[in-house]
Amino acid sequence: MTTHDQGLVLAGIGKDLGGRTIVDDLDLTVATGELVCLLGPSGCGKTTTLRMIAGFLTPDLGTVTIDGSDVTRVPPEKRPTAMVFQNYALWPHMTVFDNVAYALRLRKTPKAELTERVHEMLELVNLMHHVKSRPARISGGEQQRVALARALVQRPAVLLLDEPLSNLDAKLRVRVREDIREIQQRLGITTVVVTHDQDEALSISDRVAVMNAGRIEQYSEPVQLYRHPATRFVGGFVGAMNTFDAELLAGIPVDRPVPPGDGPRTVGVRPENVIIVGAGETGTSATITRTIPRGHFTELVLEVSGDLSLRAFAATTAEHAVGDTVGLRLSSVLIYDETGALA
Ligand SMILES: Nc1ncnc2c1ncn2[C@@H]1O[C@H](COP(=O)(O)OP(=O)(O)OP(=O)(O)O)[C@@H](O)[C@H]1O
């Protein structure tokens, strides 16, 4: 990758707050036009990182570079960034038009240009019919789109979104995230989204940076992240994962042997990779202790031994019942060493 297609570069940034290290020597490169999600549990430092990109916080260590310029000490209003906040932060007394026009007015944009740019953005987010409405009169999803238009009208080099969908109900969330992705791709705008929702991160990102305790544990494309989680933490955080002590594998057929080495090993296997076969077909049998209908599939809890119970996903047509005995084998198993890294 050459320097000029690196839209945003965080190099060794660190931040202490309240006497604790919140972001710890973090590196991240987001290519121009790429959408990257910062994904991680509550308190891992996602928002703090986003605020350092926006300039609301200054890193104690490291640099923030946008399109080749070091902006580490540039105040937010002078950075080529625009932020969409979790609560949208719209001005309730202003119309949709005036909310979107606000930053352009501050910059004394000529009236004709201002009107054209605001209308262009409201058309992009499909809200021209609400140009004169006040925020209280429009739905949460529409308010979100106003906030997006207000950020995009500034033509930022980097668009920042902090948990943009968390105030929407589940159905709307899926629709709005697809809208955001569509608009982002159409404009080709470099974008960083903070989320704790793995489903959201996997479905809209070019790459996902999984954060844990102020650091990035893995930075990968969604499919890679799901199939090859580099650490036990990532495997457990992104998607469902059975994890258990490797000693308990004894006798269960797997597609990959446990690599020899010192120290205890942990096995990770996704529920869809717990393959159910007829009783007695493999050396191992298990008893179904629960069946949980999940719509297009059924989740099964299988008791393999007193110390090992596994979750599996089975087709709804397979008609498993509690108390049934089945055979099983495991595929695509992941083996982690005692540090939590892939062995
Ligand atoms: N100004 C501050 N002073 C002291 N501690 C702070 C300050 N701001 C944030 N923190 C702490 O830093 C940690 C990380 O906060 P941050 O908001 O970056 O996390 P997050 O990953 O975005 O989590 P969430 O999803 O809960 O917002 C939290 O434990 C938080 O309490």
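Reader: What do the buried residues of helix 2 pack against?
Author: Start with the residues themselves: Val96, Phe97, Asn99, Val100, Ala101 and Leu104 are buried in helix 2. Buried means 20 or more other C-beta atoms within 10 Å of a residue's own, exposed means 12 or fewer, and partly exposed lies in between, with C-beta atoms placed from the backbone. Helices (H or I, at least four residues) and strands (E, at least two) are DSSP runs numbered from the N terminus. The buried residues of helix 2 pack against helix 3 and helix 4.

Reader: What kind of model is this?
Author: Numbering starts from 1 along each chain, as its sequence is written. Local features need pLDDT of at least 70 and side-chain atom pairs count only at pLDDT 80 or more, while totals for chains, interfaces and linings use all residues, for this is a predicted model.

Reader: Which residue just after helix 2 takes a positive phi?
Author: Helix 2 covers residues 96-106. Just past its end, phi is about 55° in Lys108.

Reader: How far apart are the end C-alpha atoms of helix 4?
Author: Helix 4 runs over residues 140-152, which makes 13 residues. The expected span is 1.5 Å times one less than the number of residues. That gives 18 Å, and the model agrees, because the end C-alpha atoms are apart by 18 Å.

Reader: How many residues of helix 4 are buried?
Author: The buried set includes Gln143, Val146 and Leu152. Helix 4 is largely enclosed by the rest of the structure, because the buried share of its 13 residues is ten.

Reader: Which elements do the buried residues of helix 4 pack against?
Author: Packing rests on contacts (C-beta atoms, placed from the backbone, within 7 Å). Two of the partners are strands: strand 6 (81-84) and strand 7 (158-162). The others are helix 2 (96-106), helix 3 (111-124) and helix 5 (170-187).

Reader: How many of the nine residues of helix 1 are buried?
Author: Lys46, Thr48, Thr49, Leu50, Arg51, Met52, Ile53 and Ala54 are buried there. Helix 1 is mostly covered, and its buried count is eight.

Reader: Is Ala54 buried or exposed?
Author: Ala54 lies in helix 1, residues 46-54. Its contacts, leaving aside neighbours within four places in sequence, are Pro76, Arg79, Thr81, Met83 and Leu160. It has 20 C-beta neighbours inside 10 Å, so Ala54 counts as buried.

Reader: What is the C-alpha distance between Ala54 and Lys78?
Author: In sequence, Ala54 and Lys78 are 24 residues apart. In space, C-alpha to C-alpha, the distance is 9.9 Å.

Reader: Which element gives the most to the shell around the ligand?
Author: Among the residues around the ligand are Gly40, Ser42, Lys46, Thr47, Thr48 and His196. With three residues, the largest giver is helix 1.

Reader: How many residues of the shell around the ligand are polar?
Author: Ala, Val, Leu, Ile, Met, Phe, Trp, Tyr, Cys and Pro count as nonpolar, Asp, Glu, Lys and Arg as charged, and the others, Gly among them, as polar. Three residues of the shell are nonpolar and one is charged. The polar count is eight.

Reader: Is Asp25 buried or partly exposed?
Author: Asp25 lies in strand 2, residues 20-31. Its phi is near 50°, a positive value in a residue other than glycine. With 14 C-beta neighbours inside 10 Å, Asp25 counts as partly exposed.

Reader: Where is Ala213 found?
Author: Ala213 has a positive phi of about 50°, although it is not a glycine. It counts as partly exposed, because it has 15 C-beta neighbours inside 10 Å. Its place is the loop between strand 9 (207-212) and strand 10 (215-220).

Reader: What distance separates the C-alpha atoms of Gln185 and Gly33?
Author: Gln185 sits in helix 5. Along the chain, Gln185 and Gly33 are 152 residues apart. Their C-alpha atoms are separated by 7.3 Å.

Reader: How far apart are the C-alpha centres of domain 1 and domain 2?
Author: Domain 1 covers 3-230 and domain 2 covers 242-336. These bounds come from an automatic or database domain assignment. The C-alpha centres lie apart by 40 Å.

Reader: What share of the 343 residues in the protein is buried?
Author: The protein has eight helices and 18 strands. Its C-alpha trace spans about 80 × 45 × 40 Å along the principal axes. The buried share of its residues is 35%.

Key: A residue is near a molecule or strand if its C-beta atom, placed from the backbone, lies within 6 Å of it.
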